[in-house]
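Subject: Structure for you to look at

Hello,

Here is the structure I promised. Please open it and keep it in view while you read my notes.

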Amino acid sequence: MTGPDAPRLGIGVIGAGRVGAVLGAALREEGHAITGAYAVSDSSRERAAELLPGVPLLDVPAIVERSEMLLLAVPDDELAPLAAGIAAAGLAPGGQLVVHTSGMHGADVLAPLARTGAATLAIHPAMTFTGTRADLPRLTGCPMAVTGSEELLPVAAALVVELGGEPVILAEGDRPLYHASLAHAANHLVVLVDQARESLRRIGIEDPGAYLRPLLEAALENSLQRGSRALTGPVMRGDAGTVGAHLEAFADLDATATPGTAADTADTYRALARAALNRATLRDEQRAALQALLTPPPEQENP
């Protein structure tokens with residue numbers, strides 16, 4: 001159990017990436033002791049030095065041996081092998097609390113450790129991390145999806161509260177769709193903004209990020225409140241001529257992209273414009289004209 005009157009835990013951080021180092025620092029500020037951190041890359045070692053000063057960098061067996069709680073903050077696909085490896089090596093003594101931070105997985109991925117007697121939980125903050133101290137205040141009020149057995153959910157909720165977050169109970173089977181939703185929104189937003197910044201940079205706008213900020217902040221706030229009702233623009237108006245001009249402009253942009261850089265703006269625009277069209281209320285002739293424009297061109301057959 002955690003909370004102001006609960007005993008402090010010795011926590012080992014396995015994976016001092018952007019998430020692990022920040023959460024370790026947040027738990028340390030709550031009075032928990034960080035017993036060690038596992039950091040392999042130069043960037044993770046630098047991050048550990050900044051966020052977890054004085055914490056020894058250790059290998060996984062040493063961290064497991066000296067910790068009452070393990071915080072596993074590794075990439076999604078590495079989590080199952082890590083849990084299985086710790087269990088198979090006989091490192092886990094039983095009775096430990098093991099928490100992972102993957103959005104994709106629930107607690108079942110830690111089943112090998114649960115069989116050794118560990119208490120296992122999944123806690124995922126719905127936030128993009130920079131891996132710096134700037135992330136710490138952003139944890140306040142951040143929703144965090146928790147998954148685990150019913151008797152352990154109060155422990156998960158208490159940990160989330162210590163981190164400053166808001167616990168949201170999520171069923172094991174809902175984690176893939178939950179994670180897909182967050183990744184689709186956050187990661188693909190970055191792609192869109194990057195494409196727009198590059199387009200504006202190419203026509204001489206010196207600070208495209210600053211230029212886009214008022215528009216994007218308003219669009220984001222409006223869409224969070226109103227959903228698809230926030231959509232505006234040529235697709236929603238049925239302006240096929242404008243959409244055609246956009247496609248030509250982006251095709252020219254892609255054709256003149258610097259070698260080695262992404263040249264996918266026209267394809268992205270076409271795909272998302274089709275999705276916008278599915279949400280538009282238009283006359284039949286307007287819809288047909290846009291569908292014709294937005295249908296992907298057939299791939300050239302190999303000779």
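First, a term: a residue counts as buried when its relative accessible area is under 20%. Also keep in mind that this is a predicted model.

Start with strand 6, residues 143-147. Is this strand enclosed or open? Four of its five residues are buried, so strand 6 is largely enclosed by the rest of the structure.

Now look at its partners. Strand 5 covers residues 119-125 and pairs with strand 6 in the antiparallel sense. Four bridges join the two. In one of them, H124 has A145 of strand 6 as its partner.

Strand 7, residues 166-169, pairs with strand 6 in the parallel sense. Here, too, there are four bridges. M144 has P167 of strand 7 as its bridge partner. How does the chain get from strand 6 to strand 7? It passes through helix 7, residues 153-163. This β-α-β crossover is right-handed.

Next, the second largest pocket. Its space comes to about 220 Å³. The lining has 16 residues. D194, E198, T261, A262 and T265 lie nearest the centre of the pocket.

Which helix gives the most to this lining? Helix 8 does, with seven residues. Helix 8 spans 175-202, and helix 11 spans 240-255. Each of these two helices supplies at least two lining residues.

By type, the lining of the second largest pocket has six charged residues, five polar and five nonpolar.

Best wishes

Technical notes. Residues are numbered from 1 along each chain as its sequence is written. This is a predicted model: local features need pLDDT of at least 70, side-chain atom pairs count only at pLDDT 80 or more; totals for chains, interfaces and linings use all residues. Side-chain values use heavy atoms; hydrogens and water are left out. On a 1 Å grid over the protein atoms alone, a cavity is a set of points where a 1.4 Å probe fits but cannot get out, and a pocket is an open set with protein on both sides within 12 Å along at least five of seven lines; lining residues have an atom within 4 Å of a point. Grid points are joined across faces, edges and corners, and a volume is the space filled by probe spheres set on the points. Ala, Val, Leu, Ile, Met, Phe, Trp, Tyr, Cys and Pro count as nonpolar, Asp, Glu, Lys and Arg as charged, and the others, Gly among them, as polar. Buried means under 20% relative accessible area, exposed over 50%, partly exposed in between (1.4 Å probe, protein chains only). Two strands pair if DSSP finds at least two bridges between them. A crossover is right-handed if, with the strands pointing away from the viewer, the path from the first strand over the helix to the second runs clockwise.
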